[in-house]
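Let's walk through a model together, one feature at a time. Bring your questions, and we will read the coordinates as we go.

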Amino acid sequence: EDAQSSQRSVAILARVMERGSDVKGLTLARAADAARRGDVTSAASLLAQAPADKDPYRGLVAGEIALLSKQPEAADKAFSEALAQGGGARASWGVARALIARERLDDAEASAKTTLAQSPLHSSALTFMGRRALARGETAAALDFTRKATGAQKVGGASARPSRAARAEAW
């Protein structure tokens with residue numbers, strides 16, 4: 001996440017807070033914001049107050065909190081639930097990250113491929129796939145993934161637009 005998106009998140013949350021606590025999903029949004037800021041205690045407390053419905057966003061937030069809490073098994077479960085509820089590429093990538101934390105790299109690679117099937121410009125998944133290719137000695141594939149991850153090479157006629165941090169990580 002870059003500074004601009006962080007500022008946007010703060011501004012959006014401030015506008016929502018002005019409307020009052022009757023806004024559907026406000027508690028979940030506040031939990032997500034606390035997690036984004038690294039305030040795991042507040043994030044977990046707010047998540048516990050949010051309705052346990054079939055919203056995939058709840059699973060995404062729960063997974064992020066679990067990863068921040070160094071609980072990759074719980075993260076895997078939460079992201080998998082979000083994926084089953086339609087969480088898309090974010091849920092697939094969450095599963096991959098949980099599997100990486102569990103050191104199940106082959107399974108994480110399969111999940112990263114699923115992420116890329118849903119979102120071909122997903123910079124973090126492309127970067128991970130590049131690292132895996134490099135670890136296998138596949139330097140041409142690793143460079144291809146890196147170019148795609150940084151936006152230097154188009155995918156399906158479009159270029160990735162990674163944050164500065166994601167671009168630096170890829171290179």
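## Reading exposure, cores and contacts

A: Let's start with a residue on the outside: Lys-70 is exposed, with a relative accessible area of 72%. Keep in mind that this is a predicted model.

Q: Where is Lys-70 placed, and what is its phi?

A: Lys-70 sits in the loop between H4 and H5. Its phi is positive, about 60°, although Lys-70 is not a glycine.

Q: Which loop holds Glu-103, and is Glu-103 buried or exposed?

A: Glu-103 belongs to the loop between H6 and H7. The cut-off for exposed is over 50% relative accessible area, and Glu-103 counts as exposed because its relative accessibility is 69%. Glu-103, which is not a glycine, also has a positive phi of about 60°.

Q: How should I read a value that falls between buried and exposed?

A: Buried means under 20% and exposed over 50%, with partly exposed in between. Take Arg-8, in helix H1 (residues 3-19): its relative accessible area is 46%, so Arg-8 is partly exposed.

Q: How far apart are Arg-8 and Leu-68, in sequence and in space?

A: They are 60 residues apart in sequence, and their C-alpha atoms are 22 Å apart in space.

Q: Now the inside, please. How many residues are in the largest nonpolar core, and which have the most contacts inside it?

A: A nonpolar core is built from buried residues joined through side-chain atoms. Here the largest one has 24 residues, and those with the most contacts inside it are Ala-75, Phe-79, Trp-93, Ala-112, Phe-128 and Met-129. The elements giving two or more residues to this core are helices H4 (56-68), H5 (72-84), H6 (88-101), H7 (105-118), H8 (123-135) and H9 (139-150). H6 provides the largest share, six residues. Another core, of 13 residues, lies apart from it and includes Ala-43, Leu-46, Leu-47 and Ala-78.

Q: What does Trp-93 touch, beyond residues up to four places away in sequence?

A: Trp-93 touches Ile-100, Ala-112, Thr-115, His-122, Ser-124, Ala-125 and Phe-128.

Q: Thr-115 is on that list. Is Thr-115 buried or exposed, and what is it in contact with?

A: Thr-115 is found in helix H7. It counts as buried because its relative accessibility is 0%. Leaving aside neighbours within four places in sequence, Thr-115 is in contact with Ala-89, Ser-92, Trp-93, His-122 and Ala-125.

Definitions and conventions: Residues numbered from 1 in each chain as written. Predicted model: local features only at pLDDT ≥ 70, side-chain atom pairs only at ≥ 80, totals over all residues. Heavy atoms only, no water. Core = buried A, V, L, I, M, F, W, Y, C linked by side-chain atoms within 4.5 Å. Buried < 20%, exposed > 50% of the residue type's maximum accessible area, 1.4 Å probe, protein only. Helix = DSSP H or I, 4+ residues; strand = E, 2+ residues; numbered from the N terminus. Contact = heavy atoms within 4.5 Å.
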